[in-house]
Amino acid sequence: MGWLEAAGDRALAEAAGRELMAVARTAPLDDMLDPWPNLDDPDHALRTVETFHHPVATLRMGQGDDPMAVTDGDGRIRGLEGAWCIDASAIPRVPSANTHLAVIALAEKLGAGFLELTGHGDVAVSPA
Ligand SMILES: Cc1cc2nc3c(=O)[nH]c(=O)nc-3n(C[C@H](O)[C@H](O)[C@H](O)COP(=O)(O)OP(=O)(O)OC[C@H]3O[C@@H](n4cnc5c(N)ncnc54)[C@H](O)[C@@H]3O)c2cc1C
């Protein structure tokens, strides 16, 4: 996925890691948490960062005046005739919950719209 390949992202992750480590060393957290690595270790955040399996927004949905919005509100990919995106990649921002239910809701809504807009409403969609 190319996580932390951009220097700005690495610097932000490192700064966030340092902040977290500093907070974790204050009372009462310092009594409850295992010892943290040396605050001067510049690579700690970079060695331990995880994505937690919920990437979204690689084809994110948005208004026409948003230069980063690849798909429109119906899931159509802008600039590609007949191409649609109906999965987690269209979710504009990481939701404040896990992604599975959001994907199902998005797929049901955009899938129904896709069938209607493309005139394929009579096509049976397998529940599997
Ligand atoms: C380890 C892990 C744990 C997770 N745990 C949770 C959780 O507990 N709760 C939660 O809400 N979310 C969880 N998620 C996130 C959730 O699973 C995803 O957000 C969701 O599955 C994304 O749905 P999707 O339809 O966008 O993509 P996917 O579910 O990845 O579906 C993509 C499908 O496309 C197929 N495909 C790929 N390329 C091609 C191709 N060229 N031709 C044909 N088919 C292709 C793939 O085989 C796959 O079936 C977890 C994710 C991971 C990786």
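A polar contact is a pair of N or O atoms within 3.5 Å. The model on screen is predicted.

**Start with the whole chain.** Show the protein as a cartoon. It has 4 helices and 0 strands. Follow the chain along its sequence and the pattern reads α-α-α-α. The protein chain has 128 residues, and 21% of them count as buried.

**Select the ligand and its shell.** Around the ligand you will find His53, His54, Asp87, Ala88, Asn98, Thr99, His100 and Val103. Color this shell by type: 5 residues are polar, 2 are nonpolar and 1 is charged.

**Check the contacts.** Pick His54 first. One of its polar side-chain atoms lies 3.3 Å from a nitrogen atom of the ligand. Go on to Thr99. An N or O atom in its side chain is 2.7 Å from an oxygen atom of the ligand. Then show the backbone of Ala88. There, a backbone N or O atom lies 2.8 Å from an oxygen atom of the ligand. On its own, the ligand has 1,000 Å² of accessible area, and the protein covers 30% of it.

**Move to the nonpolar patch.** Select Val23, Leu29, Met32 and Leu33. These residues form a nonpolar patch on the surface. Together they have about 350 Å² of accessible area.

**Finish on Val23.** Where does Val23 lie? It belongs to helix α1, which spans residues 7-24. Val23 has a relative accessible area of 44%, so it is partly exposed.

How values were computed:
Residues numbered from 1 in each chain as written. Predicted model: local features only at pLDDT ≥ 70, side-chain atom pairs only at ≥ 80, totals over all residues. Heavy atoms only, no water. Near = heavy atom within 4 Å. Polar contact = N/O pair within 3.5 Å; in protein donor to acceptor, adjacent residues only side chain to side chain. Areas by Shrake-Rupley, 256 points an atom, 1.4 Å probe, with all protein chains shown as cover. Nonpolar A, V, L, I, M, F, W, Y, C, P; charged D, E, K, R; others polar. Patch = residues over 30% accessible without salt bridge, like charges linked within 9 Å, V, L, I, M, F, W, Y side chains within 5 Å. Salt bridge = Lys/Arg side-chain N within 4 Å of Asp/Glu carboxyl O. Helix = DSSP H or I, 4+ residues; strand = E, 2+ residues; numbered from the N terminus. Buried < 20%, exposed > 50% of the residue type's maximum accessible area, 1.4 Å probe, protein only.
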